[in-house]
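Hello,

Here is the structure for your files. My notes follow below it.

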Amino acid sequence: MAKIKNESSSYWNALTQLIAIIKTEYPAGGKLPPAPEMSRRLKVSRMTYGKALKTVCTHGLAAASRGRGGTLIPAPVRSSKKIGLILLDATESPFISHAEEFSAILAELRSLQYQQHIIQSGQLEKLYEKLVIYNISGVICVDPASRLIEELARIRKQFGFPVVATGFRDYRQEAECRIAGLPIVQHDLVLESAAIVDFLVAKGFRNPMLIDGYFGFVDVKLNSHFQKYGLFMPAENCLLTRQVPSLLLKRIRKRKIDVLILEGGYRVYRSVFELLMQLPKSRRPAVLLRDAPDFLPGWNEMFPEVRVLGRMKYDAEALGRAAASAMAEALEKGTAAESVFINNFSIV
């Protein structure tokens, strides 16, 4: 991206107005009036208009002509389709933690003949100004951090800009988006919780423990379904992954846990399994694993004496397609995106 040396309010006003003029008054192409006339129309100096004009040309919304009067010709190849933005703000590489969702979003947008532009975490300063420069029509944000949720909520409220948040690693992020009024595309946690409880009860387990890196409201959702069977999972049956080394074996013995609902990836799985092997086989709970990006099939064969009931798996591609479709529908209809919850969960 070309470096912008002047980011004054007059420059941004001129740039925003110029982009709007090109999009609304020249959909089929044509020539802009000469610079003196345009600078008077936008109520800025010739120098400020020239900087806005250069930015527009740099980003392909128009093409400069050295012909009569130094006028500007909007690029004839400019697509009439909206531009979908995929915004990645993960602390880990999104190609590791969200590879399937990311690929599915791109594929769906391309199939709908939408353009895409990717903004990485390091480019988030003055985000709305970047959106204006790139002529972006909507944002799909994968796994937004708290600071980004706040900024997207501001942009949505102040400018009526379409935003969709998806691919949360932390249930608390979903709650933050709800509070901020951001539309969400996510798997249906209610259906997920019901599937887990029905699966465990059908296999005869009555006293589960949840081990997770963070608790949002997943334990509450699980309990709402356990109550159907006259069961309850108290707070003592929930451990954060950082508590595993010091508390896991003590809680299993004290609470007489018969099954672990385990999340956290390979490193957490291994540490939990090593601890479980310290228990007598008769006191060793079974394990239901939550899917993770670093899951390696067959790794648990190193611990054949730990009973693995299955993996809780998510269809990441379905989530990605749903996020892209939600944004595309909002842009086509000219409305704000709406929250969508999909049933992409299974136990295998």
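This is a predicted model: local features need pLDDT of at least 70, side-chain atom pairs count only at pLDDT 80 or more; totals for chains, interfaces and linings use all residues.

**What I found**

Residues are numbered from 1 along each chain as its sequence is written, and side-chain values use heavy atoms, with hydrogens and water left out.

The protein chain has 13 helices and 14 strands. These are DSSP runs, numbered from the N terminus: helices are H or I with at least four residues, strands E with at least two. Take contacts (heavy atoms within 4.5 Å) with a separation of 6 or more: 70% come from residues 24 or more positions apart.

Next, a helix pair. Helix α7 (residues 146–159) packs against helix α8 (residues 171–180) at about 20°, and their axes (lines fitted to C-alpha atoms over the stretch in contact; angles run from 0 to 180 degrees between N-to-C directions) are 10 Å apart. α7 and α8 are therefore roughly parallel (under 35 degrees). On the α7 side, Ser146, Ile149 and Ala153 make the contact; on α8, Gln173, Glu176, Cys177 and Ala180 do. By class, that contact has 4 nonpolar residues (Ala, Val, Leu, Ile, Met, Phe, Trp, Tyr, Cys, Pro), 1 charged (Asp, Glu, Lys, Arg) and 2 polar (the others, Gly among them).

Last, α5 (residues 99–111), with 13 residues. Its buried residues include Phe102, Ile105 and Leu109. Gln113 follows α5, with a positive phi near 65°.

Best wishes

Methods
Angles under 35 degrees count as roughly parallel, over 145 as roughly antiparallel, 65 to 115 as roughly perpendicular and the rest as oblique. The expected span of a helix is 1.5 Å times one less than its number of residues. Buried means under 20% relative accessible area, exposed over 50%, partly exposed in between (1.4 Å probe, protein chains only).
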